[in-house]
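Hello,

Here is the structure for you to look through. My notes follow below it.

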2 protein chains.
Amino acid sequence: MTTFQSRRLAHVVGLGLIGSSVALALGRTGWTVTGDDLSESARRGALESGVISGVGLSEADLVVVATPAGAVVGVVNEILGVLGAGAIVTDVAGVKGSIVQGVNDSRFLAGHPMAGSELRGLAGARAELFEGCTWVLTPTTLTSPETYSALHGVLREIGANVVAVNAEDHDRLVAVASHVPHLLAGSLMNEASRVAEQDAVLLQLAAGGFRDMTRVAAGDPMIWPDILFENRLAISQTLEALESRLASLRQALGSEDRQSITDGLQSAARARRQLPGRALSSENMGYLRVMVSDRPGELASVTMAASELLVNIYDIEIAHGIEGVAGTLLLAIDAEQVDLFADALDTRGFQVVRER
Amino acid sequence: MTTFQSRRLAHVVGLGLIGSSVALALGRTGWTVTGDDLSESARRGALESGVISGVGLSEADLVVVATPAGAVVGVVNEILGVLGAGAIVTDVAGVKGSIVQGVNDSRFLAGHPMAGSELRGLAGARAELFEGCTWVLTPTTLTSPETYSALHGVLREIGANVVAVNAEDHDRLVAVASHVPHLLAGSLMNEASRVAEQDAVLLQLAAGGFRDMTRVAAGDPMIWPDILFENRLAISQTLEALESRLASLRQALGSEDRQSITDGLQSAARARRQLPGRALSSENMGYLRVMVSDRPGELASVTMAASELLVNIYDIEIAHGIEGVAGTLLLAIDAEQVDLFADALDTRGFQVVRER
């Protein structure tokens with residue numbers, strides 16, 4: 001793969017948020033990047049802003065296909081037909097099983113960067129989007145070791161943490177971690193709506209936990225059907241598993257099986273507490289709960305203290321718990337800074353609870 | 001009820017977080033408050049800190065029973081036996097059906113303040129806990145109008161928004177709004193754990209949405225079995241409704257019924273966006289999304305700007321969206337301050353998206 005390493009010519013097909021960010025990230029690490037998009041305006045925007053330097057597929061060593069999932073197989077096979085033996089092709093779609101089944105070529109290696117943005121398209125594109133992000137690759141028995149190591153190297157260069165998983169496992173994992181949670185949130189919200197239609201006071205009783213659980217349901221519904229249908233097998237299995245868990249809970253409630261309810265809640269609590277905070281492992285994270293009132297300046301006072309002490313707040317949320325006016329600020333910071341920061345907040349008169 | 005209004009002698013049974021906060025709130029509005037607790041140390045703590053001024057049930061006009069739900073009926077009936085005709089008794093338990101069925105007295109009116117804290121017992125007690133909180137009262141045909149109007153007046157004085165709901169409706173509403181969401185979060189977390197045992201990489205793929213949906217599952221599991229069993233009928237019905245929604249989704253995926261999937265997601269998105277932000281109506285709330293990077297000071301810079309402009313941040317969260325290092329800050333503020341604050345952040349170099 002000496003050729004591959006030395007020429008550094010890349011081509012990106014599909015210049016949305018992920019495609020444009022890949023182009024920027026590659027450009028920053030010394031690649032010459034061309035690109036293309038079905039949309040004339042997306043192509044022109046990327047050219048004019050310097051995200052890409054041309055529009056020809058040309059002599060690319062690396063082609064990244066960042067089209068919607070449904071179009072990937074067709075585009076990849078077309079591109080493989082015109083590329084040389086030393087080139088590699090990858091994609092970024094959120095579902096992998098159907099894609100690896102549709103492409104039979106040692107130069108192809110499917111991938112899925114776990115990154116995104118609230119913004120869409122070029123507006124949200126950033127060269128740093130993949131720094132610290134988990135980038136899944138799904139090699140098959142066909143994938144050549146050269147293809148794997150070359151793509152792995154490129155992704156490391158743009159800051160991603162690469163993990164290899166087989167395509168079926170990937171689909172099963174994202175079903176549990178992303179697709180089914182979205183469907184659950186939607187189902188809970190729809191059920192609550194139905195009840196609220198009969199009794200509007202429900203909305204006043206919907207506390208923090210309910211809002212947390214339904215938050216993702218507020219997202220753009222239009223991007224979901226494609227993803228859900230592409231991954232329908234794994235999703236159906238996970239839905240079935242959950243239906244059966246809910247039925248068991250119902251049965252335990254009916255038969256007063258206190259032990260099984262308690263066991264289930266305890267194992268869930270244990271597992272949730274061990275869940276790593278984003279890219280960070282939970283071992284390195286410490287948590288603080290700070291009582292605050294809803295007044296301008298309370299939050300500033302806490303975050304200023306963090307800033308002064310060079311404490312980085314990785315995660316923050318206001319847990320209103322229930323519908324009161326005051327709340328608790330949940331902060332995730334480096335574990336070794338917990339005492340320092342808690343003492344500082346204490347001095348400033350805040351009520352603080354440390355958690356580790 | 002002239003007697004009731006003028007003497008202002010209250011007694012609180014059960015001096016945990018809610019009981020102690022009720023005592024403090026009543027004390028602040030001119031009541032003389034006595035109290036009691038099965039725990040010798042809770043009673044002594046409340047006395048020594050001045051939360052209560054004595055321990056006798058004495059000549060109370062108002063008795064608030066703040067024991068665990070399972071003990072309420074027994075305690076209330078015992079107290080009603082020794083109180084005069086002009087007194088009133090209420091409770092604060094999270095489940096109401098079994099309680100109103102167990103007490104047959106015109107002087108009793110059951111209630112449920114939707115307030116709480118991360119802290120427990122006296123340590124978390126605050127006189128302002130109920131300011132702006134929704135306090136549900138569940139009158140029955142037995143409840144006398146005098147009892148209702150007197151208790152309503154007292155609760156308004158300590159800052160609560162009183163709503164009246166019948167006890168069965170209350171239980172059905174909290175099943176959907178609180179109890180079942182908790183069980184769903186636990187079930188999803190347990191299912192993910194099972195998958196993660198086979199494939200630990202799952203935890204790296206668990207994005208912001210998954211963490212949001214399982215957050216409540218991390219809470220203290222020991223307080224839940226009591227609540228769940230007290231409200232098992234309403235919970236079972238809601239679980240069944242959700243099982244059937246999940247089964248319908250499975251069927252729609254299997255039969256490629258795109259329309260029904262899209263309709264479901266769209267109605268959920270619409271409903272979720274209309275969900276009021278806490279006690280505030282969504283009409284008065286505006287939302288900003290601010291792109292931030294994970295560096296000490298980023299958050300301080302945003303919250304400082306808010307503080308300087310006297311903008312109160314009602315709700316804040318870091319949406320990492322996916323596992324990237326940077327994220328989006330979601331801020332809920334007064335709708336009329338959105339432009340002011342967005343412009344200020346813009347000037348400071350932040351990328352801001354306004355939502356209304």
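**Domains of chain A**

In this predicted model, the C-alpha centres of domain 1 of chain A and domain 2 of chain A lie 33 Å apart. The domain assignment of chain A puts domain 1 at 2-165, domain 2 at 170-274 and domain 3 at 282-355.

Domains 1 and 2 of chain A do touch. Twelve residues of domain 1 are in contact with eight residues of domain 2. On the domain 1 side, helix H5 (97-102) and strand E6 (134-138) of chain A are the elements that give two or more residues. By class, that side has five nonpolar, six polar and one charged residues.

**Strands of chain A**

Four bridges join E6(A) to strand E7 (residues 161-164) of chain A, and the two run parallel. Within this pairing, Val136(A) has Val163(A) in E7(A) as its bridge partner. Helix H7 (residues 145-157) of chain A belongs here too: E6(A), H7 and E7(A) make a right-handed β-α-β unit.

There is also an open sheet of four strands in chain A. The order is E2-E1-E3-E4, with parallel pairing. Which strands stand at the edges? They are strand E2 (32-36) and strand E4 (88-91) of chain A. Each has a single partner strand, so one side of each is left without a neighbour in the sheet. From one strand to the next, the twist averages 20 degrees.

For E4(A), the pairing is with strand E3 (residues 62-65) of chain A, in the parallel sense over four bridges. Val64(A) has Thr90(A) in E4(A) as its bridge partner.

**How the two chains meet**

The contact takes 122 residues from chain B and 122 residues from chain A. On the chain B side, the elements that each supply at least two residues include helix H12 (232-254), helix H13 (258-274) and strand E9 (315-319) of chain B. H8(B) gives the most, with 21 residues. The chain B side divides into 67 nonpolar, 29 polar and 26 charged residues.

Why do the copies meet through the same surface? Because 100% of the interface residues of chain B are also interface residues in chain A.

Best wishes

Definitions and conventions
Residues numbered from 1 in each chain as written. Chains lettered and ligands numbered in written order. Predicted model: local features only at pLDDT ≥ 70, side-chain atom pairs only at ≥ 80, totals over all residues. Domains from an automatic or database assignment. Contact = placed C-beta atoms within 7 Å. Nonpolar A, V, L, I, M, F, W, Y, C, P; charged D, E, K, R; others polar. Pairing = 2+ DSSP bridges. Right-handed = clockwise from strand over helix to strand, strands pointing away. Axes fitted to C-alpha atoms, helices over the stretch in contact; angles between N-to-C directions.
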